[in-house]
Amino acid sequence: MSIEIPYSMVTKGGAFKGFTGLIIKIPDSVTKISDSAFEGYTGLTSIEISNSVTEIGGSAFEGCTGITSIEIPDSVTEIGGSAFSSCKNLKEFILPTTIKKSHDLCFMGQD
């Protein structure tokens, strides 16, 4: 299942908890993925972040154990604390050189 998330859902989170095989596409209208937006979405298997996103909030994807890889676009300059912590199956992530600020623990809990 692939879903393009409207801005209002990216800022509130919680709408798709419990779904499995979920692929999230962040649309061009979104500039920030808020704190805890997708926290605990264990069924989230893939996330496509648009080039309009400049910031990923703290705990945004914390505990998303279904994600195995992620590519952060060059537009992102800030990643909040614990943004990807406890994503125990995340084995490949591509970070751009544009990151100006990232919390030390943004990938805490990786195996």
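**Guided questions on a predicted fold**

Visitor: Why is glutamate 55 called partly exposed?
Guide: Glutamate 55 has a relative accessible area of 22%. Buried means under 20%, exposed over 50%, and partly exposed in between (1.4 Å probe, protein chains only), so at 22% glutamate 55 is partly exposed. Please keep in mind that this is a predicted model, where local features need pLDDT of at least 70, side-chain atom pairs count only at pLDDT 80 or more, and totals for chains, interfaces and linings use all residues. Residues are numbered from 1 along each chain as its sequence is written, and side-chain values use heavy atoms, with hydrogens and water left out.

Visitor: What makes β3 and β9 edge strands?
Guide: Helices (H or I, at least four residues) and strands (E, at least two) are DSSP runs, numbered from the N terminus, and two strands pair if DSSP finds at least two bridges between them. The open sheet of four strands has the order β3-β5-β7-β9, with parallel pairing. Strands β3 (32–33) and β9 (101–102) each pair on one side only.

Visitor: How do you know that β7 and β9 pair?
Guide: Strand β7 (residues 78–79) and β9 share two bridges in the parallel sense, so they meet the requirement of at least two. Glutamate 78 has lysine 101 in β9 as its bridge partner.

Visitor: Of the aromatic pairs, why is phenylalanine 38 with phenylalanine 61 called stacked?
Guide: Rings of Phe, Tyr and Trp (its six-membered ring) pair if their centres lie within 6.5 Å; planes under 30 degrees apart count as stacked, over 60 as edge-to-face and the rest as tilted. A search of the whole structure finds three aromatic pairs. Phenylalanine 38 and phenylalanine 61 are 5.3 Å centre to centre with 10° between the planes, so they count as stacked. Phenylalanine 38 lies in the loop between β3 and β4 and phenylalanine 61 in the loop between β5 and β6 (69–71), so the pair ties together parts 23 residues apart in sequence.

Visitor: What makes phenylalanine 61 and phenylalanine 84 a stacked pair?
Guide: Their ring centres are 5.3 Å apart and their planes are at 10°, so this pair is stacked. Ring pairs link Phe38, Tyr41, Phe61 and Phe84 into a cluster.

Visitor: How do you know that phenylalanine 61 and phenylalanine 84 are buried?
Guide: Phenylalanine 61 has 0% relative accessibility and phenylalanine 84 has 1%, so each falls under 20% and counts as buried.
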